[in-house]
Structures are given as structure tokens and as C-alpha cells.
Amino acid sequence: MPAAAPLDLLLLPEWVVPVEPAGVVLKNHALGIRDGRVALLAPREQALRLEAREVRELPGMLLAPGLVNAHGHAAMSLFRGLADDLPLLPWLQDHIWPAESVWVDEDFIRDGSELAIAEQLKGGVTCFSDMYFYPRVTSEVAHRAGVRAQLCVPLMNFAVPGTLDAGDAVRQTLQLFDELRHHPRLSAAFGPHSPYTVTDEQLGQVMMLAEQLDASIQMHVHETALEVQQSLNTHGERPLARLQRLGLLGPRFQAVHMTQVNDEDLARLVESNSSVIHCPESNLKLASGFCPVERLWQAGVNVAIGTDGAASNNDLDLLGETRTAALLAKAVQRDASALDAHRALRMATLNGARALGLEHDCGSLELGKWADLAAFDLSGLYQQPVYDPVSQLIYTGSRHCVRHVWVGGKQLLDDGRLTRLDEERLAVTARAWGAKIAAGRAAPRD
């Protein structure tokens with residue numbers, strides 16, 4: 001038999017956490033990359049006998065799949081801190097939507113998305129889902145940055161930046177879907193904003209097209225108790241029941257937030273095999289409620305995690321978000337064993353990939369999958385001693401312990417430094433936007 005081609009890169013961390021199989025921690029193992037994919041996972045001594053173009057020691061580091069931020073609004077990073085400490089509807093209707101109508105254009109989206117991608121890469125995120133305006137612009141930024149992403153085109157029953165109406169949003173989704181059909185890292189999805197901003201007719205059209213294209217649908221659902229009550233008053237049924245009646249629920253459906261879950265809701269999620277995307281810090285900050293993560297998990301629902309936008313979080317630190325999720329799940333369930341550290345990491349990796357339909361490409365360190373990786377440094381003083389490296393990562397780690405990131409075998413973060421994006425330029429640009437937006441808010445209105 002011919003000898004195998006040399007590995008492009010051989011990584012030698014202290015621990016490898018493949019996520020699949022569940023609960024496994026490999027010590028003194030190596031991971032090899034060839035042609036952008038995981039080509040080897042073997043004991044260190046065995047791996048060192050193979051030929052590799054580059055060998056890299058990662059002392060004190062845990063190598064894991066790159067994190068998957070399953071829901072966010074990337075360009076809203078430029079609205080970070082704009083309207084803090086307000087309930088959801090006043091925050092949206094009185095501050096965010098008016099600000100968007102004034103400031104959001106292609107330049108805003110380009111600069112805000114680039115800022116968000118840089119922040120996420122520095123936090124170990126290799127794949128993110130975005131639901132925001134001008135998604136084609138965000139796709140161009142993501143393409144240049146080298147990350148993996150799902151771009152959801154927002155759809156509402158009124159005009160929003162970049163789209164004239166719901167019909168225009170559907171047309172843009174179809175165009176973006178066609179443009180990204182063969183892209184190795186980017187995909188398009190439908191993004192009806194929420195049950196209260198989209199009509200039955202519009203949702204029916206989304207369902208039909210998603211079926212034809214085998215496309216995903218991401219939607220804010222059951223975010224607050226008020227949303228559920230208004231749906232009962234208007235439609236005579238809970239939002240999830242309405243979506244089921246219209247045929248939207250299914251393996252491609254991504255229900256974001258789900259803070260209000262009764263027995264019937266749970267049965268619908270299980271029966272349809274829909275995914276739930278949990279955004280704990282945004283829900284806490286807006287006092288929206290608590291997603292019953294452990295109950296969903298035990299029932300068999302795929303639960304992923306997202307940061308939401310930086311305007312309601314206020315950061316895109318998915319590792320910190322995962323720690324919050326693990327702690328909150330214990331309090332909500334009143335069970336200290338709920339959402340243990342290994343399952344929390346799975347929620348931030350493989351479950352996120354599964355929610356986005358990418359579980360065959362990323363989310364775990366399995367042979368043949370894309371080499372989307374993050375190396376977390378656990379050698380710091382505040383992390384000693386290390387009994388269980390996964391528990392240490394979840395409960396003492398933060399984005400500041402992320403040292404290296406690869407997407408498809410290409411290194412996008414090297415020893416904490418971005419390889420494709422200019423941090424200083426991004427910071428200058430963000431400050432300029434902040435000054436302009438602040439001055440506009442302070443200007444007198446006619």
C-alpha cells in the first residue's frame with residue numbers, strides 16, 4: 001500500500017476533548033490535520049512517528065472543537081450598551097428599532113459584523129449564526145475572515161433596513177441561498193423574526209420554500225410571557241402551536257429563546273425534532289425568563305447556545321455564556337447535577353452544529369470533519385490545580401484563555417493574535433461609530 005501523505009499540521013496539546021464520544025478526555029494524545037480536515041487522533045508517541053510538515057506543541061492547553069454561536073445579530077456590536085437596563089419591548093420599540101432606522105446601512109453592517117467576528121474568534125468561536133439586515137454584506141465579511149456561518153435573512157411584515165417588505169426579504173433569501181449553495185463555509189437560512197412580526201401567509205410561504213430548498217428556519221419563539229399571552233389573545237393558541245399548525249416545526253427549525261415552555265410545548269418540540277437555541281445572558285438581562293434547559297435535554301430536545309446580539313448581552317463571549325447556562329440550569333432545575341460541564345461543552349459545540357445542520361462537518365473532533373478547533377490555555381494560576389479539564393474550562397475559563405483557533409485547518413488566531421483582521425483598525429472604527437451615534441442621539445429633534 002502507498003504511504004499516507006504527510007500531515008499538514010500535528011498538534012500536541014495536554015488534553016484533547018473530542019466531544020464525541022461524550023465525556024471523553026484524552027491525555028497525551030495528538031491531533032493531525034490534512035487538507036483542512038481531522039486526519040489523525042492518536043496517542044502522542046504513535047503520532048510522532050508520522051511525517052508532518054509542521055509540529056506544534058500546546059503545553060497546558062485543552063484542544064476542543066471550535067465553539068458554535070448558534071444565534072446572534074453580529075452588526076449590533078456597534079449598538080453595544082446603547083440602551084441598557086430596559087425590558088424587551090421598550091428596548092426594541094423605543095430604542096433599538098429607531099436607532100436601526102437611522103444608522104443601519106451597508107457600511108454599518110460591514111464594520112459591525114467585522115467587529116463581531118473578530119470578538120468571536122478571540123473567544124474560540126469558529127462558527128456563528130447571524131440574523132440581521134443586509135446579510136449579503138455579512139456573508140462577504142465572513143468569507144474574507146475565514147469563519148463558518150449561517151446567514152439568516154430577517155423577515156417581518158413591515159419594511160426594515162435593506163428590505164422593502166416581507167416579499168423582498170424572501171427574494172433576498174433565495175438569491176443568497178443560490179449564491180452560497182456551493183460555499184464550503186457559508187449557508188443561507190430563512191429568518192422570520194418572531195411570531196408577532198410575521199403573518200400566517202408569510203410563514204406559509206417560508207415553510208413551502210424551506211421544504212423545497214431543504215433550508216433552515218431560525219426564529220425568536222416564546223421569548224417572553226407577554227408574547228405567549230398576546231398570541232393567545234390574537235390567535236387563540238400559543239406561538240409554538242401556531243407554528244406547528246402552519247408546518248414550520250421540524251429538524252430544520254431553530255427556536256431561539258423558548259423561556260416559556262409547558263408540557264404541550266415540550267411535546268411539540270420532541271415530536272417535531274426541532275432545536276432550541278438558549279441565550280441565557282440576554283434573557284437574564286432583559287428579564288425575559290428562564291429556558292428549562294435540563295428538562296428539554298432529558299426529553300431529547302437538541303439544545304444549542306447563542307449569545308444573542310451585543311446590544312442585549314453585552315458581549316459575544318460564548319464560553320462565558322456556556323458557564324452562565326450551566327449555573328442557571330442548576331438553579332432552574334433545583335438540581336446541582338443539571339447540565340454538567342461536559343454536556344455544557346457539547347451544547348456549545350456539537351449541539352450547535354446539529355441545530356444549524358452542520359453536525360457532519362464540525363462540532364466534534366472526528367476523522368474526516370473539518371478541522372475547526374480551539375486551544376484553551378488552562379495553565380493559569382487561577383485554574384490550578386486541574387482535576388477535570390472540562391470542568392475547569394467551563395467553570396474557571398473565559399475567552400481570555402483562548403490561545404489558538406483554526407477553521408478548516410487555517411489558523412485564524414495565533415497565540416491570541418488575529419491573523420486576518422486588524423484589531424487596532426477595528427477599535428478605531430468602532431469608536432468612530434460610537435461617537436457618531438451618541439452625537440445623533442443627543443441632537444435635538446424637530
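Predicted model: local features only at pLDDT ≥ 70, side-chain atom pairs only at ≥ 80, totals over all residues.
Biologist: What makes up the domain assignment of the chain?

Modeller: The assignment gives domain 1, covering 7-65 + 366-415, and domain 2, covering 67-356. These bounds come from an automatic or database domain assignment. The C-alpha centres of domain 1 and domain 2 lie 29 Å apart.

Biologist: How many residues of domain 1 and of domain 2 are in contact?

Modeller: Contact means heavy atoms within 4.5 Å. By that criterion, 30 residues of domain 1 are in contact with 30 residues of domain 2.

Biologist: Why is the second largest pocket said to lie between domain 1 and domain 2?

Modeller: Both domains give residues to its lining, so the second largest pocket lies between them. About 290 Å³ of space is found in this pocket. Its lining has 16 residues, and A118, E119, K122, R399 and E423 lie nearest the centre.

Biologist: Which element gives the most to the lining of the second largest pocket?

Modeller: Helix α3 gives the most, with four residues. At least two residues each are supplied by α3 (106-122), β15 (402-407) and α16 (423-442). By class, seven lining residues are nonpolar, three are polar and six are charged.

Biologist: What is the volume of the largest pocket, and which residues lie nearest its centre?

Modeller: The volume of the largest pocket is about 630 Å³. It is lined by 29 residues, of which D214, S216, L356, G357 and L358 lie nearest the centre. Strand β9 gives the most to this lining, with four residues. The elements that each supply at least two residues are β8 (148-155), α5 (166-180), β9 (186-192) and α14 (350-355). The lining divides by class into 13 nonpolar, eight polar and eight charged residues.

Biologist: What makes a space a cavity rather than a pocket?

Modeller: In a cavity a 1.4 Å probe fits but cannot get out, whereas a pocket is an open set of points. The structure holds three cavities of 30 Å³ or more. The largest cavity contains about 230 Å³ of space. Of the 21 residues that line the largest cavity, H73, M76, L92, H193 and H220 are the closest to its centre.

Biologist: Which helix contributes the largest share of the lining of the largest cavity?

Modeller: Helix α2 (residues 88-103) contributes the largest share, six residues. The lining of the largest cavity comprises 13 nonpolar, five polar and three charged residues.

Biologist: Which residues line the second largest cavity?

Modeller: Its lining includes N69, G72, H73, A74, Q120 and F128. Strand β7 (residues 125-131) gives the most to that lining, with three residues. The second largest cavity holds about 50 Å³ of space. By class, its lining has three nonpolar, seven polar and two charged residues.

Biologist: How do you know how α3 and α4 are arranged?

Modeller: Two packed helices are described by the angle between their axes and the distance between the axes. For α3 and helix α4 (residues 135-145), the angle is about 35° and the axes are 9 Å apart. The contact is made by E106, I109, R110, S113, E114 and I117 of α3, together with V137, T138, V141, A142, R144 and A145 of α4. These residues divide into six nonpolar, two polar and four charged.

Biologist: Why is the crossing of α3 and α4 called right-handed?

Modeller: A crossing is right-handed if the near helix is turned clockwise from the far one by less than a right angle. The crossing of α3 and α4 is assigned to that class, and it is therefore called right-handed.

Biologist: What makes the backbone at P21, P385 and N28 worth noting?

Modeller: Most residues other than glycine have a negative phi, and most peptide bonds are trans. The bond from E20 to P21 is cis, with omega near 5°, and P21 is found in the loop between β1 (9-16) and β2 (26-27). The bond from Q384 to P385 is also cis, with omega near -10°, and P385 lies in the loop between β14 (373-377) and α15 (389-396). For N28, phi is near 60°, a positive value in a residue other than glycine. N28 is found in the loop between β2 and β3 (29-34).

Notes: Residues numbered from 1 in each chain as written. Heavy atoms only, no water. 1 Å grid on protein atoms, 1.4 Å probe; cavity = no way out; pocket = protein on both sides within 12 Å on 5 of 7 lines; lining within 4 Å. Points joined across faces, edges and corners; volume = space filled by probe spheres on them. Nonpolar A, V, L, I, M, F, W, Y, C, P; charged D, E, K, R; others polar. Axes fitted to C-alpha atoms, helices over the stretch in contact; angles between N-to-C directions.
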